[in-house]
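Subject: Structure handover

Hello,

Here is the structure for your files. Please open it alongside this note; my findings follow below.

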Amino acid sequence: MTEEEIIQRVKESFPDAIVDSAGADCNFQLYVISKTFEGQSLLQRQRSVLALFAPELKDGRLHALSVTAKTPQDEQAVPHLVQVKINT
């Protein structure tokens, strides 16, 4: 599967989702933000995304798919890191 196909599948199931991904070949990391995850545990969120790719994970077209799934509120609650260059 391509990165574009993975993102498209997530967006089809979670239309409001903001999706970012990284990876190549058959190993990908997904970062998904969606209101759909509200009220779900972290495990439930991950399982709902991984279920979209069950056939590909089973037959080996995808070897590894790491999922971070958050609600918009989760994303706002986490401070963003800023990289600071220190002169030495």
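**What was found**

At 56% relative accessibility, arginine 47 counts as exposed (exposed is over 50% relative accessible area, buried under 20%, partly exposed in between; 1.4 Å probe, protein chains only). Arginine 47 lies in helix H2.

Some ground rules. This is a predicted model, so local features need pLDDT of at least 70 and side-chain atom pairs count only at pLDDT 80 or more, while totals for chains, interfaces and linings use all residues. Residues are numbered from 1 along each chain as its sequence is written, and side-chain values use heavy atoms, with hydrogens and water left out.

**Overall layout**

The protein chain has four helices and three strands (DSSP runs numbered from the N terminus: H or I of at least four residues for helices, E of at least two for strands). Along the sequence the pattern is α-β-β-α-α-β-α. Of the 88 residues, 27% count as buried. The chain exposes about 6100 Å², with carbon and sulfur atoms supplying 54% of it (Shrake-Rupley method, 1.4 Å probe; for residues, only the protein chains shown count as cover). Take contacts between residues at least 6 apart in sequence: 53% of them join residues at least 24 apart (contact means heavy atoms within 4.5 Å).

**Strands**

S1 (residues 18-24) and S2 pair in the antiparallel sense over seven bridges (pairing needs at least two DSSP bridges between the strands). Alanine 22 stands opposite glutamine 29 in S2. The two strands form a hairpin with two residues between them. Aspartate 25, in the turn, has a positive phi of about 55°.

S2 and S3 pair in the parallel sense, also over seven bridges. Here asparagine 27 stands opposite alanine 64 in S3. Side chains alternate along S3. Leu65, Val67 and Ala69 point to one face and are buried.

**Core and aromatic pair**

The largest nonpolar core has 16 residues (buried Ala, Val, Leu, Ile, Met, Phe, Trp, Tyr and Cys joined through side-chain atoms within 4.5 Å). Val10, Phe14, Leu30, Val32, Val49, Phe53 and Leu65 touch the most other members. Helix H1 (3-13), strand S2 (27-33) and strand S3 (64-70) each give two or more residues to this core. Leaving out residues up to four places away in sequence, valine 32 touches Val10, Ala17, Ile18, Val19, Phe37, Thr68, Ala69 and Lys70.

There is one aromatic pair (Phe, Tyr or Trp rings, the six-membered one for Trp, with centres within 6.5 Å; planes under 30 degrees apart are stacked, over 60 edge-to-face, the rest tilted). Phenylalanine 14 and phenylalanine 37 form it: tilted, 5.2 Å centre to centre, 50° between the planes. Phenylalanine 14 is in the loop between H1 and S1 and phenylalanine 37 in the loop between S2 and helix H2 (42-50), so the pair ties together parts 23 residues apart in sequence. Both phenylalanines are buried.

**A buried glutamate**

Glutamate 56 is in helix H3 (residues 54-59). It is buried, at 4% relative accessible area. Its side chain makes a polar contact with the side chain of arginine 9, at 3.0 Å (N or O atoms within 3.5 Å; within protein, one able to donate a hydrogen and the other to accept it, and residues adjacent in sequence count only if both atoms are side-chain atoms).

Best regards
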